Structures are given as structure tokens and as C-alpha cells.
Amino acid sequence: MDTKTIFMAFFTVTALLSHAYPSLGQKDVDDEPLVNPGREMEALREISPASEDYNMYVLDNLPPKYLLYLNSCGGKMGPSGDECIDDVLKEILTNKPASKECCLKVVRTGKECYMELQKFIFRLYQLKRFASQVSFRTNQVWDRCSSEVESPSSSHHDAIELS
């Protein structure tokens, strides 16, 4: 067998394997944080006049019914809903799990509301660069929270709180 034949066989096997198992040789980036906790996460909270204008433009161009819907969804999270939205945002961006209390609020809000709130949040200027990367993570957070809340180890009190 000459070198050319060996090379062609190796190339063919590699091409077939990479087609059948695309994850081989690829780093799993879904587990890496999109943002480092701390200073980088804090920087996302800074609002410049230009980003504030952009965010106001986004809000002004949303249909009024959709704004009412988002407000209703946020209201379902209760008085500390903003803290939980921030907690969930940290989980999506930094992989730091949201608290069980926030998971209860997320599940109480319902999946549709939760997903719409996240979709809206990632339209804001400071976060829009992550919009294409967070859909999977947003679902992961929902799945983790709903399984944690609905797990048999959840207390009877938690189950009552959800209804």
C-alpha cells in the first residue's frame, strides 16, 4: 500500500466519523460561562445614554398588548421578581445556579411567561449580543428549576406555594 492510498483511507474514515459524530473534536462550549462573574457581569448593568435610548426605542416599538403581557408575567413572580430575574440572568450568563426560591417563582410564572421575559431581556442593549447564544441555556434553566421544584425531595410547603 502506498502513502497516497493510506492517506485517502484515513481521510475517508475521518470524514465519515466527523459526519456521523459531529461533536467529536469539538469543545462543548455550552458549559462555559458567557460572562465571567464579578466585574464583567457588573459591567452589563452599566447603562450609557446611547444604550438607554436604544432600550427606550425597543420598549416604544413593542405592541401595547405585548407590554401588558410582559408586565403580567413579571407580576406573577411577586414583589422580589426583579431579584429572581437577575438571579436567573446570572445562571444563564455565568452558570451560577439561581436559588430554589427563584426557581419556585420561575415555575409559578409558567414556561411561556418565563421564555417571553427572557426573550425580551435579551433584546436590551446590554444583553443583545448574547441573544443568539442563550436559547439553549434559557431552556436549561427552566428544565433545572422545574425538575428541582417538582422533585420528590421538594417539601409539601413548596408544592402548596406553587398552586
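What share of the 163 residues in the chain is buried? In this predicted model, buried residues, meaning those under 20% relative accessible area with a 1.4 Å probe and protein chains only, whereas exposed means over 50% and partly exposed in between, make up 32% of the chain.

**View 1. The chain as a whole, built from 9 helices and 0 strands.** From the N terminus on, its elements run α-α-α-α-α-α-α-α-α, where helices (H or I, at least four residues) and strands (E, at least two) are DSSP runs, numbered from the N terminus. Of the contacts in the chain with a separation of 6 or more, 80% join residues 24 or more positions apart, a contact being heavy atoms within 4.5 Å. The accessible surface of the chain, from the Shrake-Rupley method with a 1.4 Å probe, comes to about 10800 Å², with 60% of that area belonging to carbon and sulfur atoms.

**View 2. The packing of helix α6 (residues 100–109) with helix α8 (residues 135–150).** The two helices pack at an angle of about 100 degrees with their axes 9 Å apart, which means that α6 is roughly perpendicular to α8. Axes are lines fitted to C-alpha atoms, for helices over the stretch in contact, and angles run from 0 to 180 degrees between N-to-C directions; those under 35 degrees count as roughly parallel, over 145 as roughly antiparallel, 65 to 115 as roughly perpendicular and the rest as oblique. On the α6 side the contact is made by Lys100, Cys103, Leu104, Val106 and Val107, and on the α8 side by Trp142, Arg144, Cys145, Ser146, Glu148, Val149 and Glu150. The residues of this contact divide into 7 nonpolar, 1 polar and 4 charged, with Ala, Val, Leu, Ile, Met, Phe, Trp, Tyr, Cys and Pro counted as nonpolar, Asp, Glu, Lys and Arg as charged, and the others, Gly among them, as polar.

**View 3. Ser51 in helix α3 (residues 49–60).** Ser51 counts as buried because its relative accessibility is 2%. Not counting residues up to four places away in sequence, Ser51 touches Tyr125 and Gln126.

**View 4. Tyr54, also found in helix α3.** With a relative accessible area of 28%, Tyr54 is partly exposed. Leaving aside neighbours within four places in sequence, Tyr54 is in contact with Arg123, Leu124, Tyr125 and Lys128. The C-alpha atoms of Tyr54 and Gln126 are separated by 9.8 Å, although these residues lie 72 residues apart along the chain.

**Notes to all views.** Residues are numbered from 1 along each chain as its sequence is written, and side-chain values use heavy atoms, with hydrogens and water left out. As this is a predicted model, local features need pLDDT of at least 70 and side-chain atom pairs count only at pLDDT 80 or more, while totals for chains, interfaces and linings use all residues.
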